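Please look over the sequence and the model below before reading on.

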Amino acid sequence: MESIAPHPDSDYRRLQLLLQGGRPHAVRSWAAGYLAAVLTGDRQAYAVRHPLGFVCFPVFREDGHGVCLHVWTAGVDASSTTSAIHAHSWDLVSTVLYGEVGNEVVEIDAGGVAPTHRLYEIHSGRDGDQVRGTDRMVSYRRRSREFFRRGDVYDLPHGVFHVSEVGGEAATVALGRDRHGRPDLSLAPPHVHDHRVHRTVRTPEETRRVAGLVLARLRDDATADREAR
């Protein structure tokens, strides 16, 4: 089933038009405005600590479309109970606000002689993720590896297995379109049992602290851009 088109005034639609128009710099301005509104309380936000090692600001979710601001910063380490190798149920388009984000795409081999991992389905809900093992035993190999920097825009279709590589401070804005009925997927050692993972919602103080860090970096970068002209 196809998702319904988002409202023309939604954050998703605005950002989609900016990226389609080749204006990632305008996305940075939007992000600065959003974070400033979080700090003043004009926009309600509770950042979530993701098991893969970043903080997520869930900006918008409606009719199978979503916008998230992802932040990699000190003190937020990965705590995945499966592995870093995963595939989304969303078609994603992301742009880097600052820092460097690596994307290693891996190819799954379901017919290998010596499989190393089991395929797990990740069923997400409001209170966390239900991790369920399947009967599929697989191995994998690297297919490609790319690094994206400030202003770069990159696509990641649903079902593509990959590992995100971020070595320092970084932030992205990601637009997602849900592929209804498809779970997220991950690889893990075969002995991992089915279990539930609870994502940690940051306190209002922690949310504002991270928002302030990102906003300060965006403003510093904007000042440096103006001075370089």
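In this predicted model, the count of disulfides comes to zero. C56 takes part in no disulfide, and the nearest cysteine sulfur, that of C68, is 3.5 Å away. A disulfide is counted here when two cysteine sulfur atoms lie within 2.5 Å, so the sulfur of C68, at 3.5 Å from the closest cysteine sulfur, in C56, is too far for a bond. C56 counts as buried because its relative accessibility is 12%, and C68 counts as buried because its relative accessibility is 19%; the cut-off for buried is under 20%.

## The sheet

In what order do the strands of the open sheet of seven strands follow one another? The order is β9-β5-β11-β3-β2-β1-β14, and the pairing is antiparallel. The edge strands of this sheet are β9 and β14 (residues 200–201), each of which pairs on one side only.

Strand β5, which covers residues 90–98, is mostly covered, since eight of its nine residues are buried. β5 pairs with strand β11 (residues 170–178) in the antiparallel sense over eight bridges, and it also pairs with strand β9 (residues 153–156), again in the antiparallel sense, over four bridges. Further along the sheet, β2 and β3 run antiparallel and are joined by seven bridges.

| Residue | Stands opposite |
|---|---|
| V93 | L175 in β11 |
| S94 | Y154 in β9 |
| L92 | L156 in β9 |
| R61 | G66 in β3 |

In a regular strand the side chains alternate between the two faces of the sheet. Strand β9 has a covered face, made up of Y154 and L156, and an uncovered face, made up of V153 and D155.

If its neighbours within four places in sequence are left aside, T172 is in contact with C68, L69, H70, W72, T95, V96, L97, V101 and Y154. This list of contacts includes C68, the cysteine whose sulfur was found to be too far from that of C56 for a bond, and it includes Y154, which belongs to the covered face of β9.

## The helices

Helix α2 (residues 24–40) holds V38. This helix has 17 residues and reaches 25 Å from its first C-alpha to its last, which is close to the 24 Å expected at 1.5 Å a residue. The buried residues of α2 are P24, A26, V27, R28, W30, A31, A32, Y34, L35, A37 and V38. Just after α2, G41 takes a positive phi of about 90°.

V38 counts as buried because its relative accessibility is 6%. Not counting residues up to four places away in sequence, V38 touches R43, A45, T207 and A211. V38 and R208 are 170 residues apart in sequence, yet their C-alpha atoms are 7.1 Å apart in space.

Helix α3 covers residues 204–228, and at 1.5 Å a residue its 25 residues should span 36 Å, which agrees with the 36 Å between its end C-alpha atoms. In α3 the residues T207, V210, A211, V214, L215, L218 and D221 are buried. Among them are T207 and A211, which V38 touches. What do the buried residues of α3 pack against? They pack against α2, β2 (54–62), β3 (65–72), β5 and β11, so this helix meets both α2 and strands of the sheet, where contact means heavy atoms within 4.5 Å.

The elements that give two or more residues to its lining are α2 and α3. The lining of the second largest pocket consists of H25, R28, S29, A32, R150, L218, R219, D221, A222 and D225. Helix α3 gives the most to this lining, with five residues.

Conventions. Residues are numbered from 1 along each chain as its sequence is written. This is a predicted model: local features need pLDDT of at least 70, side-chain atom pairs count only at pLDDT 80 or more; totals for chains, interfaces and linings use all residues. Side-chain values use heavy atoms; hydrogens and water are left out. Buried means under 20% relative accessible area, exposed over 50%, partly exposed in between (1.4 Å probe, protein chains only). Two strands pair if DSSP finds at least two bridges between them. The expected span of a helix is 1.5 Å times one less than its number of residues. On a 1 Å grid over the protein atoms alone, a cavity is a set of points where a 1.4 Å probe fits but cannot get out, and a pocket is an open set with protein on both sides within 12 Å along at least five of seven lines; lining residues have an atom within 4 Å of a point.
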